[in-house]
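Please read them beside the coordinates.

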Amino acid sequence: MKKTKLTFFLMMIAALAIAGCKAKEVAKNTSPFVQREGAGFVLNGEEYRYVGTNFWYGAILGSEGQGGDRQRLGRELDKLHELGLDNLRILVGSDGPRGVKTKVEPTLQEAPGVYNDTILAGLDYLLKEMGERGMKAVLYLNNSWEWSGGYGYYLEQAGCGPTPMPNEAGYQAFMQHVEQFAANEKAHELFYQYVRDIISRTNRYTNVAYIDDPAIMSWQIGNEPRAFSQKAKEPFAQWLSHTSALIRSIDPNHLISIGSEGVWGCEVDTALYERICSDTNIDYMNAHVWPYNWNWTKKDSVADNVDRACANTAEYVKMHTAIAQRIQKPLVIEEFGYPRDGFGFAPGSPTTGRDRYYDFVFSLIKSEPTVYGCNFWGWGGEARPQHEQWQLGDAYTGDPAQEQQGLNSVFDCDSSTLEIIKKYNQ
């Protein structure tokens with residue numbers, strides 16, 4: 001009898017211990033933060049997959065200064081939420097002086113450590129509004145391209161001279177200049193201080209520290225960070241690793257991602273891409289796909305080249321899903337775009353080629369178990385471009401200042417494209 005009671009007692013202790021472990025596991029998995037679990041995402045105890053968009057100008061729109069329009073922001077967020085586009089990839093802010101033709105303004109970081117408080121208020125307000133709607137933000141902190149300062153800004157502040165602007169000197173001259181960033185420790189230190197300043201903020205409207213805000217899904221090192229040369233690949237990888245470790249030391253709650261184009265953005269070096277994504281502080285992989293920029297389609301035959309663009313896209317995505325399977329991390333196709341028929345820019349102009357391409361990409365992502373999300377580029381919403389080249393006072397579209405306004409934007413009147421988006425989000 002005593003042996004039976006002892007056995008029963010031990011069994012009860014074991015059962016309680018197992019129940020306790022399961023309770024802890026449930027508590028972990030029901031976090032309001034998007035988390036990586038194995039090779040996937042979870043949110044509130046459920047698998048998290050999404051179709052989202054790029055909304056780079058969200059913080060500017062949320063400000064009460066130049067470029068701000070909180071009423072429009074509210075309408076745009078409501079429309080995006082209605083479409084199921086609850087994951088938005090957003091620029092924290094641009095860098096450097098105003099008045100540069102191809103750069104976003106107003107800028108956030110006017111000089112090292114000197115910030116435009118109206119844009120910070122705009123970012124706070126944007127996160128508050130997104131949180132109220134249950135939306136998630138991917139916030140990128142840097143940019144290898146000229147349209148928000150980024151690499152070129154930090155190099156100028158580090159004493160490397162003016163950055164050649166691609167619209168004047170060409171992209172070759174620009175890239176030869178900004179390849180210096182990968183190994184420039186002074187430029188890095190200026191960037192690291194910016195990272196500390198932004199991530200350690202507390203939202204003035206909610207009084208919630210950024211590190212405790214579940215409206216943020218991920219901190220992203222930059223928009224399409226590149227080495228830009230063979231010799232810069234090693235310092236480039238080291239910089240990314242150091243940056244991700246810095247972010248993790250400040251914020252233990254949020255995911256960290258690179259913002260990479262994928263193999264294309266790693267000097268077409270698959271091993272380099274796999275290496276930077278394998279870093280212990282990087283939670284998931286990114287890839288971007290740009291058929292027009294990569295010459296998979298041509299200006300005079302956009303609608304006729306969709307099949308080729310789709311075939312090349314499938315091959316490119318497959319290359320990255322193979323890596324995702326090897327390193328057991330989820331993959332997000334966080335940028336892709338396609339021009340309108342006839343290379344038009346006007347809202348409401350034909351999107352036959354774009355619609356076919358979007359439908360293909362969404363279906364491809366749906367069929368790939370390692371791909372957990374995508375963000376098309378980009379949301380133009382209710383904006384109606386006034387000029388082909390963005391000018392001060394024009395409404396912001398999905399196309400930054402260096403691109404033709406309307407080139408890759410999805411506007412709220414593009415009904416056929418919106419129907420495809422709704423279909424896959426349902």
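**Notes on the model**

1. Trp56, Ala59, Ile60, Leu91, Val92, Gly93, Ser94, Pro106 and Ile119 line the largest cavity (on a 1 Å grid over the protein atoms alone, a set of points where a 1.4 Å probe fits but cannot get out; lining residues have an atom within 4 Å of a point). The volume of this cavity is about 40 Å³, taken as the space filled by probe spheres set on the points. Its lining comprises 7 nonpolar, 2 polar and no charged residues, with Gly counted as polar. Over the whole structure, the search finds 3 cavities of 30 Å³ or more.

2. This is a predicted model, in which local features need pLDDT of at least 70 and side-chain atom pairs pLDDT 80 or more, while totals for chains, interfaces and linings use all residues. Residues are numbered from 1 along each chain, and side-chain values use heavy atoms, without hydrogens or water.

3. In strand E11 (residues 285-289), 5 of the 5 residues are buried, so the strand is largely enclosed by the rest of the structure (buried: under 20% relative accessible area, 1.4 Å probe, protein chains only; strands are DSSP runs of at least two residues, helices of at least four). Met285, Ala287 and Val289 cover one face, Asn286 and His288 the other.

4. E11 pairs in the parallel sense with E12 (residues 331-336) over 5 bridges; pairing requires at least two DSSP bridges. Met285 lies opposite Leu331 of E12. With helix H11 (residues 306-327), the two strands make a right-handed β-α-β unit (clockwise from the first strand over the helix to the second, with the strands pointing away from the viewer).

5. An open antiparallel sheet has 3 strands in the order E1-E2-E3. E1 (35-37) and E3 (46-47) are its edges, each with a single partner strand, so one side of each lacks a neighbour in the sheet. Between E1 and E2 (residues 40-43) there are 3 bridges, and Glu37 stands opposite Gly40.

Methods: Buried < 20%, exposed > 50% of the residue type's maximum accessible area, 1.4 Å probe, protein only. 1 Å grid on protein atoms, 1.4 Å probe; cavity = no way out; pocket = protein on both sides within 12 Å on 5 of 7 lines; lining within 4 Å.
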